[in-house]
Amino acid sequence: MSANFSITIDGHAVQVAPGESVLNAARKLGIDIPTLCYLEKCGPLNTCQVCLVKLNGKLVPSCGTKVAPGMAVESETTEVHEARRTALELLFSDHVGDCLSPCHRLCPLQLNVPVMLRHIQAGRLHEAAVTVRQALPLPAVLGRLCHHPCEQGCRRNSLDDPAAIREMERFVADQDLQSGAPHLPPCKPHTGKSVAIIGGGPAGLAAAHFLAREGHAVTVVDRHEKAGGTLRTRTTEVELPREVLDAELAQLERLGVQFKLNVALGQDLTLEGLSRGFNAVLLTLGEISPRNTHNLGVVLGPHGIKTDPNTGWTSAPDVFAAGSAVKPVKQLVKAMSEGRAVAECVHRHLFGVAPRRPEKTFSSVMGRLDPGELREFLRGANSAGRVSPCDRCLGHNRAEAAIESSRCLHCDCRSSGNCVLQHWAQVYDADANRFRSERKKFEQHLQPGGIIFEPGKCILCGICVKLTEMAAEPLGLTFIGRGFDVKVGVPFSREIDAGLQKVAAECVEHCPTGALVFKSEAGGS
Amino acid sequence: MSVDLTFADEALARVGRKPEALIPVLQALQEHYGYLPEEALQRVCEASEITPAAITGVASFYDMFRMQPAGKHIVRVCRGTACHVAGAERVEEELRRHLKIPDGGDTDSEGQFTIEQVACLGTCTLAPVLRIGETTMGYASAEKVPKLMREFLEAQANSVAVKSTEERHGNGHGAAAEIHVGLGSCCMAKGSDQLFHALREGAEASGANVLVKRVGCVGMCHRTPLVEVAAAGKSEFYAGMTAEQARALLQRHFRPPGLAQRIGRVWTRVLDGLMLEDASEPQRVQRFSLSKRDPSVRAFLGKQVHIATEHFGKLDPLDLDEYVAHGGFAALARCLGGEDARLALTPSLSPGERENHAPAAVMSGNGLGLGNVETKMPGQTLSPLPGREGQGEGKGGQRLSSDEIISTVEKSGLRGRGGAGFPSGQKWRVVSLQPGETKYVICNGDEGDPGAFMDRMILESFPFRVIEGLAIAAVAVGAREGIFYIRHEYPLAVKRVRAAIAELEKRGWLGDRLLGVGPSFRLSVFEGAGAFVCGEETALIMSIEGQRGMPKLRPPFPAQEGLWGKPTLINNVETLAMVPWILRNGAEKFAAIGTAKSKGTKVFALAGKIRRGGLIEIPMGTTIREIVEEIGGGVGEGRRFKAVQIGGPSGGCVPARLADTPVDFESLRDVGAIMGSGGLVVLDDTSCMVDIARYFLQFTQDQSCGKCTFCRIGTKRMLDLLDRLCLSKATRQNLDELERLAHQVGAGSLCGLGKTAPNPVLTTLRYFRDEYEAHLQGRCPAKKCTALIHYTINTDCTGCTICAQHCPVDAIPMTPYAPHVIDDARCTRCDTCRQVCPHNAVELK
């Protein structure tokens, strides 16, 4: 029984050694079977059942199933995927916690607000700028003009006032611009592809930002003498000082975006000509007035340029359109997110991949909190009221911003982005709300030792229980109860810290969700 | 509050300090303190190898352990299937109301009573059942609750000492007559132990030469307590007698001397009243005439064949000599090698005694007792007294090799009676072929299926037979140690098996040399702590090892890596009870009974909406219709037979239209049910199939160990959907989702519990989809789901106020001589008003 043999997975043969798991064999073939409860050190725990494969007509967990000669395993089939997805969806139906905070989820540009606020609170302004510029194309502009849907979703609303998220954005961006060396988000190497963006308003500028970061040569063409579109025509100097707008435009130039100003489509150049000179053309002309329609060379619909809503594609090959040119967009941030979406489509198209809008980051959604649950959150936050800047024109100073940021309830999950459960939910397109039911209460145990334990996020994988057992922790962790009500806890109702005297870091590291995290982690990587 | 920890130290010293001592230690603590005080648990951690994590994990896993002090008396409400369909939920609601136990709590404010739900007390024919302290009460109902509690407290106040019927009774062999009293749990719940003592004392006082004898289960649980008077080659049967009537019975049969004669005649007349014609109400007392003349007894017993229950109603469960006289241990003796072992079987009886030793067998031969029916199976001739002069003769007393024993079991076609029907011989073979010195055999007596009590009955009535079967298995596979795993809800079974083991040890038949000649074989009893999932082999092993009973992925199978990582054979009680018969009578004889792939007989617990419930043993292949209509006498008057639930929470509902399905492993699987361990609950038109599905899912949900995602959360979500259906809040999408999820839970769960949990839902969806559809529209056709029904009073009401007096929630204002009205918002649908109304004026819509 010591000689190697071969088995097949989805028809592909692979050499295996006796005693090896099917999971391991699949990994050798590059088949990425999802696992949550599997950690090599602990051996198969067989709790999550997410790593199911089909063997002899039955679904079995691949982590605990050993290979045998002649085995024929099915892994990447619809049936197996559906079973894995169901396992994930069942876990989410009992998962008390939001991956993304409501503010993050509600931001059309997906700014990770709690992470930004934690950086501000800790005085890490550069890191805050990195977070902001990662998500927002013109943060100093948005920080002044955004209608901040994030704040409507802020859970502090039900206590006093939402965190001043937009003001904090502005603070970070202003500080960044004033630093002399504003942060530039990383750009990928040049792709050799070029894109012409016609119209330098919010949607066009946002698209330019994201396409440039993908390594494409972007040229923004605008018929005015300065780019900005409605940012210039429809705002006052008080609302948006032109100096701020110009500084943000300069950031775009630093990213490599070229501006061709005073050039109008239909007069100075044609769509046909642009199509010859660029790999793709994006029309972000702003609202289409009946006067200029005949010049465009693309088919129009009732509201503007006709496009495929999923791809932004117009009737002309290689020509995309977005923003108010397609359908009037009232809100600045919406226009910018449309620019971001079409940038993704154009980018994919340039690489020969079918265009589609960017995927939303998967998030489990907890919904409304009751007052008791809110109090759990408030324990980690400053209960003071909203801080107004002493000089309204200049915005918050550093001290004021730090206090304001400390009001954040941190209702995001610090594991988001590192969470294995969230990762597989995204990959398997799980529906977190498939099984709607009464959820358990949100609980948060803040430990003096810096661990945050959120039992509702625990999927009972058993890794931490096993690790404490292996390390012979004096108290350790154990499963408590039976059936649906099982939870992980410390013997004799002690707090988590007491159970994790030796292997806290290891348990936090290997927790597949955000049930065990360190408070010091900013999250959101 | 400080706790005296001396006992904790004592318990550790007595039970052990190794990690595997955990469950017995906790059981000892619980028994002593009434709960598990944290101080005592801390003490256990300090003074043993048991870790805090293990203690907390295990104590919170098993149902029997409490972390808070309980009331003075524990009221256990059985939530088994039969009790459920008979209205256990209403009884419990009424109990809570009566004892004023607050919502979410389990103990009344005075600390007198604590209510506990029990998965199944295994006395299904008495449903609904309560057990207060040691007293089991059958046929409970909501309106009887105040009376039951009053009676219990009165009995307590009078401190009526409950006599034990468990001591070894003196050897009364040689008496001219015998009185047999059934002393299984069901019988005892109906007062047979008190009756037994009354008869015994009466017999002694009268000086009659009569042996009052305890026997095991008779099977006719619908007629308990059952008394058989066997004298002068004649037997008479009495059903439903009470202790007060004992004297009358003695007087009737054994001439009362002198003065008492006249009184005796009066009593005899009363007794005649007890010997009336058949009636379906279980409370009615009646006489059984001889089996051939009483059609109901004949129908009940006629189709039965007794192998696991051989000599039922005849043997004193703990009389070893009697068991031997009836062929007991002959099979084991053959396995161990002929003459030596056979001689070993007769040390305690002189030849003269042996002559007189088989009165029951003589009666069997005369064809007069109940036991004779086993010889009357059509087309079969079973030897009534096989054994010593039987099969072994041809081999000249040679020891059977392991291979010969296993081959015999293989040839017999015996399949596991615990549920899955895996060929037993094959399992034995795998264990026997495993290398290594240390192997274990385990008897799985964790009969957890609600609605099943076969294993309890077999352990209570035939402990020696099961021990013999286990010993044969041990000899065959080469194990030197055996364990009985018995659920703690079966105290009598535990007691009797322990007593039987002690008796065998005393005689030198267990321990260093099996039967005094064979290899060493040690037996112990492990009491379960209340977790259905421990019936699953890998979970059972975890439990013996002192851990939470969480199943493991198989392979490796226990036959390869079982208890302590060693090859382990686990067989169900009933399977083992068949083994001695097979070896005594030969594989061919066993294989001649049953169907092509399912050989032999199967014991069923017949309960639910049926006239004659009880314990039956029938040849495989008997149809459901024969069981329900012939043996069980059909459903109640005016009711319609709708379905049978076979196989408990893992099984399914077979509709009446498929009643001609033969009961064998394959046929049942084909209709979506499973054989299961043998619970057979009959349902009639008052049973709601959605409610039944929900009931079982609630059960598996409660009993899920919580390890794997599909079972832990999947069954919960299925239950959520069924709850919505029963509350009329479900949409068609919910129904579709229920079906989809049911398939996925079945496919994705780790162990058998989860894999089969959706069966009750899937079979009811398959056969009774119309009822699900009706619930979608807000109707419950069986008028069972309380959210969908309403009680009203029609014009027949005379204003007698009885309903108003009985309504426990004052939902009926008292309006004498005027028609009454039920306040629907207050009404809890306890059904009391409908039951008490003398004019049938309460309607259910």
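## Helix α1 of chain B

What covers the buried residues of α1(B)? In this predicted model, the cover includes two helices of chain B, α2 (22–33) and α3 (38–46). The buried residues in question are B:Ala8, B:Ala11 and B:Leu12, from a helix that spans residues 6–15. Viewed down the axis of α1(B), these buried residues fall within an arc of 100°, so they line one face of the helix.

The other side of α1(B) carries the exposed residues B:Thr6, B:Glu10, B:Ala13 and B:Arg14. After the helix comes B:Gly16, with a positive phi near 130°.

## Nonpolar cores

The largest nonpolar core contains 319 residues, and B:Ile472 and B:Ala473 have the most contacts inside it. The element giving the most to this core is helix α20 (residues 463–477) of chain B, with 11 residues.

Neighbours within four places in sequence aside, B:Ile472 is in contact with B:Ala331, B:Leu332, B:Cys335 and B:Ile405, and also with B:Val579, B:Pro580 and B:Leu583. Another core, of 84 residues, lies apart from the largest one; A:Leu136, A:Ala335, A:Cys408 and A:Leu409 are among its members.

## Contact between chains A and B

Between the chains, 30 residues of chain B are in contact with 33 residues of chain A. On the side of chain B that touches chain A, at least two residues each come from α4 (52–59), α27 (689–703), α28 (709–726) and α29 (732–748). Of the elements on this side, α28(B) gives the most, with 8 residues.

By class, the side of chain B that touches chain A comprises 11 nonpolar, 11 polar and 8 charged residues.

Technical notes. Residues numbered from 1 in each chain as written. Chains lettered and ligands numbered in written order. Predicted model: local features only at pLDDT ≥ 70, side-chain atom pairs only at ≥ 80, totals over all residues. Buried ≥ 20, exposed ≤ 12 C-beta atoms within 10 Å, placed from the backbone. Helix = DSSP H or I, 4+ residues; strand = E, 2+ residues; numbered from the N terminus. Arc of directions from axis to C-beta. Contact = placed C-beta atoms within 7 Å. Core = buried A, V, L, I, M, F, W, Y, C linked by C-beta atoms within 7 Å. Nonpolar A, V, L, I, M, F, W, Y, C, P; charged D, E, K, R; others polar.
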